[in-house]
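Subject: Structure handover

Hello,

Please find the structure below.

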Amino acid sequence: MSDAENLVEVGPASEFEDGDAEIVQVGRAEVGVIRAEGEFYAIRNQCPHDGGPVCKGNVQKELVGEFKGTGKRVDQQYSDTDIISCPWHGWSFELDTGIHIGDDRIRVPTYDVVVDDGIVYVDKGD
Amino acid sequence: MIDAESELVVDCDWHYQDSFKEVAEYMPEPWYTKYKNSNWDDAGVKQNLSSFFPTSTGDRQNYGKVLREHSNYPEEPEDPERVTEGMDFLDIDVSLQISHLILAMGGVTADDERVQAFTKGYIEYMLEEVLDPDEGVYGLAPMPYGDVEASLDILERVEDEEAYVGACFVTAGASPPLGNRKYDPIYERCEEMDFPVVYHTGGSGLDEYVRAGYQEMIETHTLGFLESNMSQIVSVACQGVPEKYPDLDIVFMESGVTYIPGLVSRLDEEYLKRPEEAPLLDTRPSEYITDFYFGTQPLEVSARNDLLELCFDMIGTDRLLYASDYPHWDFDSPSIINELPMLDDDERRAILGGNALEVFEI
């Protein structure tokens, strides 16, 4: 259990639908708390590309491809990984890790989310 | 019926067999002098890429400006001895021969067998008459890639021939582009054979590959070569050829080096916004492309030195292969590399020969 002093209250979990995002201030950073497939994620609401509001972007499964053999079409399917795409330019990040789906050297900071007694909190991580 | 002989008859379509030789005498300057200096024959046509009324701006004759022998396409069939003479002239020990006629294969859009027939004949002719590993004369086997089966036949034919050390894909006019899965079997076979795939540009004078309406060779020779290579680099990288065939050595020839940083920078920008459209890539396209090898000719020695240095740094001196393009009019001598101030001697040796020996396993 996180130290209560480190928790920033977001709101009742029951008010979130999948794909909803709530922006809260965590220290000097804007953080988006997002629900996807019933899980809560929290990532910095600032795209490392151009500062866009990542957390206001589309949440969806990551489309991945697999080489199925010489001469075959690349098999493209949606994976189990939830991603969010910055609404400004489409830079897309794994919700769980904040890692850019095309280059794992690029990362948006992520935060732990705690749901306690029906209330969602972001852990400042201090 | 009338008696035509005694009637007035008007022929509305008679073709006078005019010759440029005669008409040129009456043409305004500078065209009269340009014609005289251009070595066209009486019909105004020297060879397929050179004529006064062109379907192409690809005339290397340059209105008589470049007078060196063989700077244009030859009037007479090439003499194999000229290869070793040229190698002596440039002080080159090993050369990889490619067909110059095959550079126009992209212009064949009909579903016939001209390209296949030519490449099969070329393979045998070169083996019989020209290639000679003992003299350092090796060949690249042209791929009639529009016909995958015919390409595989050629690879089968040359597999055990020491004289052939790679496969050559002409980049001009390839449709679909060369990253398409259609070509997978050729790449798979090349990887299996340890045969580097050499993409060789074309497109100067093949104007419609770029944009119709250019007037001069300076325009199409600058853009056509770049466009042809760039479009295939983007296709090969984005469609994941290096991921599908990770042991395949990929080489791009004859567009200099300065286009690479610009292209990969732009492609990376696109990729970071749309990576799901290149789903086989694990990271930025630039990281794959800078694993490709690049022929240096025509090296942009007039560019700012710090730009050239940046290009060499981005591509890597272990990825650059000296290429002369001899005997074409814009050939590069080895001194072009040797005199670059930013290289150390080991890098000079690598670019001038060491890298190629490794890639082509010579």
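With which residue does B:Arg319 form a salt bridge? The partner is B:Asp318, and the closest N and O atoms of the two are 3.6 Å apart. A salt bridge here is a side-chain nitrogen of Lys or Arg within 4 Å of a carboxyl oxygen of Asp or Glu.

Some ground rules before the rest. This is a predicted model, in which local features need pLDDT of at least 70 and side-chain atom pairs count only at pLDDT 80 or more, while totals for chains, interfaces and linings use all residues. Residues are numbered from 1 along each chain as its sequence is written, chains are lettered from A and ligands numbered from 1 in the order in which they are written, and side-chain values use heavy atoms, with hydrogens and water left out.

Confidence

The predictor's confidence in each residue is given as pLDDT, from 0 to 100. Chain A has a mean pLDDT of 94, with 98% of its residues at 70 or more. Helices (H or I, at least four residues) and strands (E, at least two) are DSSP runs, numbered from the N terminus.

Salt bridges

Over all chains, the structure holds 22 salt bridges. In the one from the opening question, B:Arg319 is buried at 18% relative accessibility, whereas B:Asp318 is partly exposed at 44%. Buried means under 20% relative accessible area, exposed over 50%, and partly exposed in between (1.4 Å probe, protein chains only). Salt bridges that share partners also join A:Asp103, A:Arg105, B:Arg284 and B:Glu287 into one network.

Another salt bridge brings together the side chains of B:Glu156 and B:Arg189, at 3.4 Å from N to O. This pair links distant parts of the chain: B:Glu156 sits in helix 5 (residues 148-158) of chain B and B:Arg189 in helix 6 (residues 184-193) of chain B, 33 residues apart. B:Glu156 is exposed at 51% relative accessibility, but B:Arg189 is buried at 14%.

B:Glu161 and B:Arg157 form a salt bridge too, with their closest N and O atoms 3.0 Å apart. B:Glu161 is partly exposed, with a relative accessible area of 26%, and B:Arg157 is partly exposed at 33%.

Aromatic rings

How many aromatic pairs does a search of the whole structure find? Over all chains there are 14. Rings of Phe, Tyr and Trp (its six-membered ring) pair if their centres lie within 6.5 Å; planes under 30 degrees apart count as stacked, over 60 as edge-to-face and the rest as tilted.

One pair is A:Phe16 with A:Phe40: the ring centres are 5.1 Å apart and the planes stand at 90 degrees, so the pair is edge-to-face. A:Phe16 lies in the loop between strand 1 (7-12) and strand 2 (21-26) of chain A, and A:Phe40 in strand 4 (residues 39-44) of chain A, so the pair ties together parts that are 24 residues apart in sequence. A:Phe16 is buried, with a relative accessible area of 7%, and A:Phe40 is buried at 17%.

A:Phe67 and B:Tyr245 have ring centres 5.9 Å apart and planes at 75 degrees, so this pair is edge-to-face. A:Phe67 is in the loop between strand 5 (58-66) and strand 6 (75-85) of chain A, and B:Tyr245 is in the loop between helix 8 (241-244) and strand 7 (250-253) of chain B, so the pair joins two chains. A:Phe67 is partly exposed at 27% relative accessible area, whereas B:Tyr245 is buried at 3%.

There is also one aromatic cluster whose members include B:Tyr145, B:Phe169, B:Tyr183 and B:Phe294.

Strands of chain A

Strands pair if DSSP finds at least two bridges between them. Strand 5 and strand 6 of chain A pair in the antiparallel sense over 8 bridges, and A:Leu63 stands opposite A:Tyr78 in strand 6. Strand 6 and strand 7 of chain A pair in the antiparallel sense over 3 bridges. The bridge partner of A:Ser85 is A:Ser92 in strand 7. The hairpin of strand 6 and strand 7 of chain A has 6 residues between the strands, and in this hairpin A:Gly90 takes a positive phi near 90 degrees.

Regards
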